[in-house]
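Here is a short briefing to read beside the structure. Have a look at the fold first, then at where the chains meet.

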Amino acid sequence: MPTPNDSRRVFRLPWRSANRIGADVDDELRFHLDMRTAELIASGMSPADARREATREFGDVEFTRRYCRTLDERGERATRRGDWLADAAHDLAQAVRVLRRSPGFLLIALVTIALGVGANSAIFGVIRGVLLRPLPFAEPDRLIAVYEDNRPDHSPRSQLAAADYVDYRRDQATLTDLGVVSYASLSYQGKGDPVALSGLRFSSNVFAILGVRPLLGRTFLPNEDEPGRDNVLVLSYGTWQTVFGGDSSVVGRTVQMSGAPMQILGVMPPRFTFGGQEQFWMPFVIQQQLADVNRARKFHNMVGVARLRPGASAERAESDLATIAHRNEVAHPESNRGHLVTVVPLHEALVGDARVPLLVLAGAAACVLLIACANLANLVFTRTLGRQRELAVRAALGAGRGRLVRQLLTESLILALLGGMAGSAAGWAGTKALLAVAPDALPPVGDVRVDSFVILFALALSIGGGLLFGLIPAWMGAAADLEQTLRETGRSLAGRRSDRMRNLLVAAQTALTVILLTGAGLLVRSLDRLQRVELGFDPQNVLLAEVGLSGKAYDDVGAARFFETLFERLRAAPGVRAVGAGTSVPLRGSWSAGLHIEGEPVPNGPLPTIGYTEVSDDYFRALSIPLRRGRSFEPHEVRGPGSRSVILNEEAVHRFWADRDPLGARIQLGPNPKSAWYIVVGVVGNVRQDGFDAQPRPIAYTSYRQEGEDHLLLAVRTTGDPLRTLPALRSAVRELDRGVAVIGVTTMDSVAGDSLSRRRFAMLLLTIFAVVSLVLAIVGTYGVTAYTVRARTPELGVRIALGATARDVLSLVVGRSALVSALGIAVGLFGALVSTRAIRGMLYGTSPTDAVTFVAVAVILLVSSLVAALVPARRATLVDPVEALRSD
Amino acid sequence: MLDLIQGTVDVLILRTLAWQPMHGYAISRWIRERSDGLLAIEGAALYQALHRLERKRWVAPSWGVSDNNRRAKFYQLTAEGRRQLRAETTTWQTYSAAVTRVLAPT
């Protein structure tokens, strides 16, 4: 029976294969020939003649067959295309309709995707900017940093000495060139107050080694790091803009820097930095240091930077330089024994510290994504089961399984696309927030920003995750026996298999959350420990500022007079309780010196090292460092021919005097065994000199006056806000010398804060991730329990009708959920045990298997998942049995 | 028997199907009978035309059973085919009237 033309649209005739088309054409033509033959036979022809006549009448059978086939196949293809497009449009409209009908589902799904994707793309943006982006130098893979491997101090990345550097540079065979870098600071006196600038000293070849060109002017000539030719400098773009107003005529001009004339050679491009936020680069002159036998191999104040020859590896360069280092060990045992060389890729040297925390955070972000995906899968799965009746009806009306899956796929795709938009927006916001939270927790050489790559990453992640975790559960949902569903009048749709899958997902979420929470918990405890560390001094209400007379016409006596007068005037200022000064302050590190105690043999190698800081008389009082024995320095202790005074910390007494009273002992400091004798006059308490997480080390304090120091870090203890003392400090300095700059102003509190900022950054992020996961896991548990209650309402109704109490129902529903959570928590604790080792290096005073953290996390998760199950379970106790039974 | 002028096969098929859906063989017989045996469409030309018309969606195919109980492909005029038939019929009548007028002895 013929069917209407549009039948295909409505009932969807099956598509025909090419074989089928050929067979149909053959059938049709054979039918015609057979009919005509029969007719001719009926008119009296013999069968053979009739067949021949019919074929002759027909014409070219073979051509017609081919012609019809080709035409039909072409038509078939066009039809398929048309059908596909029509179906897609139909699916799209249907999907939009369906999603609009359940805005709650849509919202939860989108928020879930956005959280997971946002966290990941933010971290990805940072990792890309910091770890993956090559350094902004020419052929950055061939750049290396060269350190001294100081074996006696167990310090593989210490600084090089000048003469060793010269040997390395002359005798190496694996580098195109080796240069050295060190810190520098200058003060520039323009029209107003002097401006403090911090920068780097570069040996004249460093710019060439890095392969960078200036934006304006030029960089150093090969001989401009020689004495007398070194009064030149190159400005950073930022300094050029802010200090010199972006005036290109400053190139070539001579300006007063720290009281000496210096010529500005050029300006570097905006993004050029050698690992810090340096404001200028000046030549690194090492000739005086080389000429001083006590400093040439004993004063370590530079880091090497080199370019590998083509084909040479960092390992080969290291063994090349090590050969030279071994030679020097033999030639100069008193300075070089145990001093070898370490070569690391420059990229690692500049951003290496950030690697582990960032990778840990990336792992955490990936966990968040997995949890989000599990949630999504659960959501979609539950929803598909809830829609089984709808799907069954459509299947009964002729939609095949492929067709149904395609419908679900379209929904997933729309969801994923919307999620992708939400996710990239979240990633964008996340990166911005991340940068705002901790601009100084990331290495400045990195270039973190939200670019199209990060957005694409977010989109790919959402679409991939959305499709995978939207489609698989949808497929499984659609796979359930649809006919049976119809017959069952939509009662209990949850099969055992699907139940197991949902519970598994919830358990997995719980486990991942446990791992994240444990990691975050360990970091929180570490930070807490660190913040309670006995610093040994009081960081509150202390103003810090640098005052340097370097380069000005002050002799030792003049410098001492300048500083003592300054201290006196400051003490008279309102709100000032004590004024101290030193070459460094706690948490800012200290210099090192060799220690020789009178009467002990001079070792046949380097002397034991001791920290070394020059201080003013009131230094200990200003920082509230307790005096344990003896006295502090006194005004009469000035530079002179006699012996000098020294004050030790308790760690030095413990290490070198075995806790015996050292007062009156005589020691020598520094690399030169012929240097002056010091008499121990006092002992002070230990302080955290090198940072919160570094144990106190032995330190020798000497008087700055005895050493003729002309550059000091002032520490002013105040009664109130220390920054309010700053104007008094500035005017006191100006009154003494208009050309002296007050630089590096900060407070001891913020120094303390800064030294924790990287830890705080990692802790904060990991905590955010953990909390997000916890929320997602709670949503997951809630969702599954709520669904179970809904699906089991008739059964619960029967139970209540048969006398089950609210308590029975509650324990029935919650017990199941608690079991799943307990499983997840157990697995998670085990996973945490294994994975927290990765953050061992980020912990302080906390074991990676810290019991308190593990127990706390387990309790938090158990309680929160119980609460998440209780809310829907309570609804179960309110089931009206009559209603429940009638609802079918 | 007359040879068919190119282009008249299509309109003849459409006209035939306007009567009722039928299979290819029935179409050829119907045309032969209606023209008292004067017009006979060659099988090759008929089926090529039918598949061409199907592709243009002027006729719609469906498989059914013939009078002698064999599986046969039936063609049915679509709405579009019917429109096409009306247009071509008009053209054809105008044309043949014109030809007739020219050829008529004066």
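Chain B has 4 helices and 3 strands, where helices are DSSP runs of H or I with at least four residues, strands are E runs of at least two, and both are numbered from the N terminus. Along the sequence, chain B reads α-β-α-α-β-β-α. This is a predicted model, in which local features need pLDDT of at least 70 and side-chain atom pairs count only at pLDDT 80 or more, while totals for chains, interfaces and linings use all residues. Residues are numbered from 1 along each chain as its sequence is written, with chains lettered from A and ligands numbered from 1 in the order written.

**The sheet**
- The strands of chain B form an open sheet in the order β1-β3-β2, with antiparallel pairing (a pair needs at least two DSSP bridges).
- β1 (22–23) and β2 of chain B each have a single partner strand, so one side of each is left without a neighbour in the sheet.
- β1(B) and β3(B) are joined by 2 bridges, and B:His23 stands opposite B:Phe74 in β3(B).

**Where chain B touches chain A**
- The contact takes 23 residues from chain B and 23 residues from chain A, two residues being in contact if their C-beta atoms, placed from the backbone, lie within 7 Å.
- On chain B, α2 (24–34), α3 (43–55), β2 (59–65) and β3 (71–77) each supply at least two residues.
- The largest share of this side of chain B, 9 residues, comes from α3(B).
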